[in-house]
Structure formats: structure tokens, C-alpha cells
Amino acid sequence: MQIVHEHTAQRRGESAHRAGGIRFLSLLQGEEDTPGNFQLALVHAHDFQTPRHRHNFDQVRIVLEGRFGFDRGQVQQAGMLGYFTEGTYYTQKAEGPSLTLLLQAGGVSGMGYMSDRQLRAAVSELQRRGSFSDGVYTWFDAEGKKHNQDGYEAAWELVRGRRIRYPQPLFEQPVLWRGERFAWQATAQAGVSIRRFAEFTGGRLSLAQVRVDVGASMCISAAERETLLYCLSGQARLGQDMLRPVSAVRLLRGEVAHLEALETSEFYLFGLMQVPGATEAGRRA
């Protein structure tokens with residue numbers, strides 16, 4: 001089990017390949033070069049935009065403060081959740097300040113998720129040969145011909161040592177919804193309620209919100225899959241640790257956690273993808 005708090009999480013500056021308007025608080029990370037690698041982070045953005053692009057991993061975005069826009073007129077307001085399946089094109093058009101809880105994780109294709117460490121190391125190396133601007137990497141070959149490529153693509157190909165390929169998207173565009181429109185449902189645990197939002201793809205990436213009343217206890221089991229917990233509000237005791245807003249917990253498969261709410265507390269609960277066993281491990285940057 002891993003527990004991290006706001007003051008112990010790793011703070012990172014702007015995106016390695018897309019400059020300006022964004023910074024990260026990295027809460028939890030998985031293992032590099034595995035299909036199930038992931039990162040759970042808080043993203044502070046202000047007037048941040050990207051060109052139209054896509055990824056070979058899955059994303060869950062939960063806007064906690066402000067609003068964040070995308071193409072096709074889609075806008076996430078505070079309290080809205082979104083699922084961005086691997087292979088789906090989208091554009092980021094954030095105006096003003098916003099705070100987003102972001103999960104990036106390997107999808108059912110088994111291509112995994114390149115770690116932030118690998119990404120930043122690759123960008124640093126690529127900058128010796130070319131330059132990044134507005135999310136695009138530009139370089140000149142030996143004949144002086146100019147090449148443009150999506151910045152993340154260029155970094156991924158350097159890390160993996162091969163051309164990137166994208167899976168066919170399972171959804172044609174990002175899926176957005178309003179969490180407050182889902183009813184709370186009682187559970188078998190006294191004083192514990194749940195909003196079950198969704199379970200996506202054959203790998204069963206799941207997302208829910210749980211509420212634990214003051215004085216109640218909750219048992220969380222990761223029997224089927226690795227599980228992440230993010231504290232949205234309240235205060236709860238988990239072993240020797242105190243969970244407060246921005247605290248996050250990682251349960252490896254098979255682990256069980258018991259927490260007691262000292263205040264009525266709410267959490268986002270992520271059940272990570274049951275990914276294929278084979279890995280597409282590439283060389284480390």
C-alpha cells in the first residue's frame with residue numbers, strides 16, 4: 001500500500017513537450033515499461049491550449065475547480081468527469097484557471113503508459129537536435145529537410161525505439177458526464193454510500209465516488225484489480241495515516257484497507273485496467 005499527501009507529492013513544472021500554462025502535482029505512479037503503468041496527478045492550468053492530438057493510453061479527467069474546454073464545443077465544468085479512450089483525437093482549450101484530477105494509464109491495447117520521467121528525459125535529449133513549440137517537435141534532417149511531429153509522439157518513439165501506432169478508439173470522442181446527477185446508493189457497509197459512474201472497455205477500468213459518514217468505517221478491497229483512492233473532502237484515519245483532501249492511496253492487487261471517517265468524507269475510487277499480461281517494454285530513456 002502506498003499513501004501520499006499534498007505535502008509529500010512530487011511537484012513538477014510545465015509539461016515537458018507543451019510549454020506554458022500548466023503545472024503538475026504528481027500523486028501516484030505505477031511501474032515503468034509495464035502495460036499497467038499509470039500516473040495520478042493534479043493539474044493546475046491557466047489559458048492552456050494544445051493542437052489536435054491523440055494518445056496510445058487512457059485518460060480520466062475530473063475537473064475540481066474552474067472549467068476546461070475541448071474541441072467540438074465540449075466543456076468540462078467543476079464536478080464533471082470525462083473518459084478519453086486511447087486513440088481518440090481531442091484538443092485542449094482551457095481559458096482561465098482550472099484544477100483537474102488526471103489519471104493517465106495503459107489501456108486494453110497493452111501499449112502501456114510512458115512515465116513522466118521517461119518523457120522528460122526524452123524531451124531533453126530531443127532538444128539537442130531540434131525544438132518544441134506549441135506541442136510540435138521540429139527538426140532538420142541531414143539534407144536540410146524540415147520535419148514536424150507531435151511532441152509526445154517524438155518522445156515516445158525515442159523511448160521505445162520504434163514508430164508509434166495507435167489503437168482504434170473505442171469511442172469517437174471524449175465521454176463527459178456530471179457526477180452530481182448520479183444518485184447515492186447504500187452499500188452493505190453501514191454509513192457508506194456509492195455513486196457508480198462507469199466501467200469502461202474489456203479491461204474494466206472503473207470509476208466511482210464513495211461517501212463515508214462521520215464515525216463510519218469502510219473496507220476497500222483490491223481483490224480483482226489495483227485500486228486508487230483520492231480524498232476529495234473530509235478527514236479519515238487509515239492505519240497510522242490521516243487522509244485529508246488531496247491525499248491519495250494505492251492498493252496493489254490483493255491488498256485490503258480499512259479506514260474510519262472522523263468527518264463525513266468523500267473519495268474518488270479508481271479500479272485500474274485489467275491489462276494484458278504481455279508487456280511492450282521498451283528501452284528506458
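The structure is a predicted model, in which local features need pLDDT of at least 70 and side-chain atom pairs count only at pLDDT 80 or more, while totals for chains, interfaces and linings use all residues. Residues are numbered from 1 along each chain as its sequence is written, and side-chain values use heavy atoms, with hydrogens and water left out. The average pLDDT (the predictor's confidence in each residue, from 0 to 100) is 90 for the protein, and 94% of the residues score at least 70. Over residues 277-285 the pLDDT stays under 50, and the model has 26 contacts beyond four places in sequence for this segment; a contact means heavy atoms within 4.5 Å.

The protein contains two helices and 23 strands, assigned as DSSP runs (helices H or I, at least four residues; strands E, at least two) and numbered from the N terminus. Its radius of gyration, 19 Å, agrees with the value near 19 Å that a compact globule of 285 residues would have; the radius is taken over C-alpha atoms, and the globule rule is 2.2 Å times the number of residues to the power 0.38. Along the principal axes, the C-alpha atoms fill a box of roughly 70 × 40 × 35 Å. Of the contacts with a separation of 6 or more, 67% join residues 24 or more positions apart. Buried residues (under 20% relative accessible area, with exposed over 50% and partly exposed in between; 1.4 Å probe, protein chains only) make up 53% of the 285 residues.

Helix α2 (residues 151-160) is largely enclosed by the rest of the structure, because ten of its ten residues are buried. Among them are Y152, W156 and L158, as well as E153, E157 and R160. The cover over these buried residues includes helix α1 (116-126) and the strands β10 (130-133), β11 (136-140) and β12 (146-150).

Two threonines are placed in the loop between β7 and β8: T85 and T91. T85 has 5% relative accessibility and therefore counts as buried. Residues up to four places away in sequence aside, T85 touches F57, D58, P169, L170 and F171. T91, at 9% relative accessibility, likewise counts as buried.
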